[in-house]
Amino acid sequence: MRALSRFPGLAVAPLALLPTAAFAQTAAGEPPINWSAIVMFLVFIAFTLGITYWAAKRTKSATDFYAAGRGISALQNGLAIAGDYMSAASFLGIAALVYFNGFYGLNYSVGWLVGWPIVLFLISERLRNLGKYTFADVAAYRLKREPVRVMAALSTLVVVIFYLIGQMVGAGQLLHTLVPQIQYWQSIIIVGVLMIIYVTFGGMKATTWVQIIKAALLLGGATLMAILVLAHFHFSPGAMFAEAVRIHPSHNAIMQSMAPIGSKPNPIEAISLGLTLISAPLACRTS
Amino acid sequence: MGKFCKWKGGDRPSHARNESFPPECERPPRAARDPDYSLARRDKFANDTRWVTSDTERVTQNHRRDERDTPLSNSQTERIRQDPLFAQLCQSRSRLAWTLSALVLGIYLAFILLVAFGGDFMAAPLVTGGVTTVGIVVGIAVILTAILLTAVYVWKANTTFDDLTRRLLERSR
């Protein structure tokens, strides 16, 4: 399941490389072919498929396939999990949420992040000590084998389907937006086929390395952007917020929104959202 | 590893699946299987005086190194289970894990409740006339605390717990 939960973000990774490409589209009539986007996309695909080929040649056993031969160091695995974490949801979904709803969007970042330390404190060490590959293996080790495996398979599929729908819509829409000549349904097929190739041929080694590269690119890019934006305001977050409030259509509401802008704050909704957010990594990362 | 790991008198019976192999069937040390590995080890530890000098002992040491990857035998597991150090390890680790989890959950719960019921407080500007609100600062503080507590756990795991585990394994041999 970790291999499965690891791959959906992959497909979006090449597109994250293209911060300027989105602005290259002109409004007038037929959009021009976005060559820089296509070339960068193809370069990234070739590069990651190369990694997959390299990993596939070295994958010879179940341990190689599911656990990268247990040869991934803590730092490498940490970066790969960070790559998982920074998926389409983080850099498309939350960015949009914060843009439209201000502070309310920040709640999502806080909730998702806070689930991780709890997974580390309570689950990860026990899971590692058992030396199994997947959560289903662990549950089956302790409990009655068959019903547990059936249940684990079902819940994994349900989680993956809903997780994938979001990821695929994000990835497909992004590719379609950057290169309008590719239809939305075509871009979903392209992205889906690539994901399947990465995982089935490369196993955990390829997915982990592609995720490490993705995490490094995203962390590097986001850090660079943050530094450049702050430099523009002479490293004063206050000045940056003031300017954001000035030019945003909702003005001061973005700093004060406890609920989506335009709706009435409701304590029960806020608590329910908070609990959902912290449960998500708990449920998702153990499977 | 088939050649080295035959169960005495034919295939390993299924009831013995969790038994350790008889000594002559143990997997040979990696240094014996892989000459490159053995050479690299020799270079790496050539100047280390704590390292054993004779070749046979070196192979034994390499074998021990490999043993970390092989499962413990039943008698070893039993010895570890009865070791007071093991109880100490389990107790201190679970105490730390639950304390830190309670801290993270408590802080996050307080944050949710503040968002739910303390809207006015969270929306108030940090300094009068400014735009940065208390909520932004609290949100960032929660994120930083989560990172800090993770660092505390990682530090304890890498020092105290790893140390205890190593001592336990050494004593069980």
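Analyst: A residue is buried if 20 or more other C-beta atoms, placed from the backbone, lie within 10 Å of its own; with 12 or fewer it is exposed, and in between it is partly exposed. The model is predicted, so local features need pLDDT of at least 70 and side-chain atom pairs pLDDT 80 or more, while totals for chains, interfaces and linings use all residues. Residues are numbered from 1 along each chain as its sequence is written, with chains lettered from A and ligands numbered from 1 in written order.

User: Does B:Met122 count as buried or exposed, and why?

Analyst: B:Met122 sits in helix α6 of chain B; helices are DSSP runs of H or I of at least four residues, strands are E runs of at least two, and both are numbered from the N terminus. It has 23 C-beta neighbours inside 10 Å, so B:Met122 counts as buried.

User: Which residue of chain A does B:Met122 touch?

Analyst: Contact means C-beta atoms, placed from the backbone, within 7 Å. Leaving out residues up to four places away in sequence, the partners of B:Met122 in chain B include B:Leu114, B:Val115 and B:Val138. From chain A, the partner is A:Met258.

User: Which element gives the most to the side of chain B that touches chain A?

Analyst: The contact takes 26 residues from chain A and 27 from chain B. On the chain B side, α5 (84-117), α6 (119-123) and α7 (134-172) each give two or more residues. With 11 residues, the top contributor is α5(B).

User: How many residues of the side of chain B that touches chain A are charged?

Analyst: Ala, Val, Leu, Ile, Met, Phe, Trp, Tyr, Cys and Pro count as nonpolar; Asp, Glu, Lys and Arg as charged; the others, Gly among them, as polar. That side of chain B, where it touches chain A, has 19 nonpolar residues and eight polar.

User: Where is the kink in α10(A) centred?

Analyst: A straight helix of 49 residues would span 72 Å at 1.5 Å a residue, but α10 of chain A (residues 184-232) spans only 36 Å between its end C-alpha atoms. The expected span is 1.5 Å times one less than the number of residues. Bend is the angle between axes fitted to the seven residues ending at a residue and the seven starting there. The kink is about 125°, centred on A:Gly203.

User: How many helices has chain A?

Analyst: Of its 287 residues, 32% count as buried. Chain A has zero strands, and its helices number 13.

User: Among the elements of chain B, which has the lowest mean pLDDT?

Analyst: pLDDT is the predictor's confidence in each residue, from 0 to 100. Chain B averages 74, and 58% of the residues score at least 70. Over residues 47-68 of chain B, pLDDT is below 50. The highest mean in chain B, 92, belongs to α5(B); the lowest, 47, to helix α3.

User: What ipTM does the predictor give the complex?

Analyst: The predictor scores the complex on two counts. The pTM is 0.68, and the ipTM is 0.73.

Terms used: Two residues are in contact if their C-beta atoms, placed from the backbone, lie within 7 Å.
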